[in-house]
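Here is a brief report on side-chain contacts. It covers charged pairs and aromatic rings.

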Amino acid sequence: YQPEEPLRERFLKGYFGAAAEHARAYYAEMAALQKDERKTPQMMWGVLDSPALTDGFFERAAARWREAMRAVKGDSTREDNVRWAMNATDYTRLMRLKGEQDFASPRFRELVEAAKRIQRDIEGERWPEKRIFSESGEIDRRSRDRIASIAALEPKASGKVNVDAVKIPKG
């Protein structure tokens, strides 16, 4: 038996390098928000509709991962590791995005850029295997279609778009 904390620290420093402090803060907040394992179990999947992991949590997480990316700039391995964590956070933010959005909003512009980054990973076959969320692949297909539709948006100086009605690009 080994104490948990030194193992966690070794992992965070090894996997995230200079971004370990940002990852540590992310995981600590996630654990603090999911205190009651019976009501909100900590799990890899199911965060899209978790009442404990609020939109505010994911907005703070996105800011942490952006800082983490700056911390590892130039370290390609750690950049990849941080990007995967960033993609998971941004994927959740994109899946939760609903209704009318304002193109002038810095948050919406940042989410469109996040969708483009994730779309590049999907097209570059850097995204995990094709069926990661459902046996049939249907949820995966719809998720990828939503990412593609948001990534295809061309930002305007102003105006609104209903992200629930955005058409999926063909081809």
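D90 is buried in this predicted model, with a relative accessible area of 2%. R93 is buried too, at 3%. Their side chains meet in a salt bridge, 2.7 Å from N to O. R93 and D90 both lie in helix α4 (residues 76-96). They sit three residues apart there, about one turn of the helix.

The structure holds 18 salt bridges. Three of them are listed here.

| Salt bridge | Closest N and O atoms |
|---|---|
| E4 and R8 | 2.7 Å |
| E110 and R66 | 3.3 Å |

E110 lies in helix α5 (residues 106-123) and R66 in helix α3, so this pair ties together parts that are 44 residues apart in sequence. E110 counts as partly exposed, at 21% relative accessibility. R66 counts as partly exposed at 30%. Salt bridges link E59, R66, D90, R93, R107, E110 and R117 in a network.

E4 and R8 both lie in helix α1 (residues 4-16), four residues apart. R8 counts as partly exposed, at 38% relative accessibility.

Now the rings. The structure holds nine aromatic pairs. Y26 and W65 form a tilted pair: 5.1 Å centre to centre, with 55 degrees between the planes. Y26 lies in helix α2 (residues 20-33) and W65 in helix α3 (residues 55-71), so the pair ties together parts that are 39 residues apart in sequence. Y26 counts as buried at 8% relative accessibility, and W65 counts as buried at 0%. Both belong to one aromatic cluster, whose members include F11, Y15 and F57.

Charge meets ring at W84: the charged end of R83 sits over the ring, 5.6 Å from its centre.

Methods: Residues are numbered from 1 along each chain as its sequence is written. This is a predicted model: local features need pLDDT of at least 70, side-chain atom pairs count only at pLDDT 80 or more; totals for chains, interfaces and linings use all residues. Side-chain values use heavy atoms; hydrogens and water are left out. Rings of Phe, Tyr and Trp (its six-membered ring) pair if their centres lie within 6.5 Å; planes under 30 degrees apart count as stacked, over 60 as edge-to-face and the rest as tilted. Helices (H or I, at least four residues) and strands (E, at least two) are DSSP runs, numbered from the N terminus. Buried means under 20% relative accessible area, exposed over 50%, partly exposed in between (1.4 Å probe, protein chains only). A charge sits over a ring if NZ of Lys or CZ of Arg is within 6 Å of the ring centre and within 35 degrees of the ring normal. A salt bridge is a side-chain nitrogen of Lys or Arg within 4 Å of a carboxyl oxygen of Asp or Glu.
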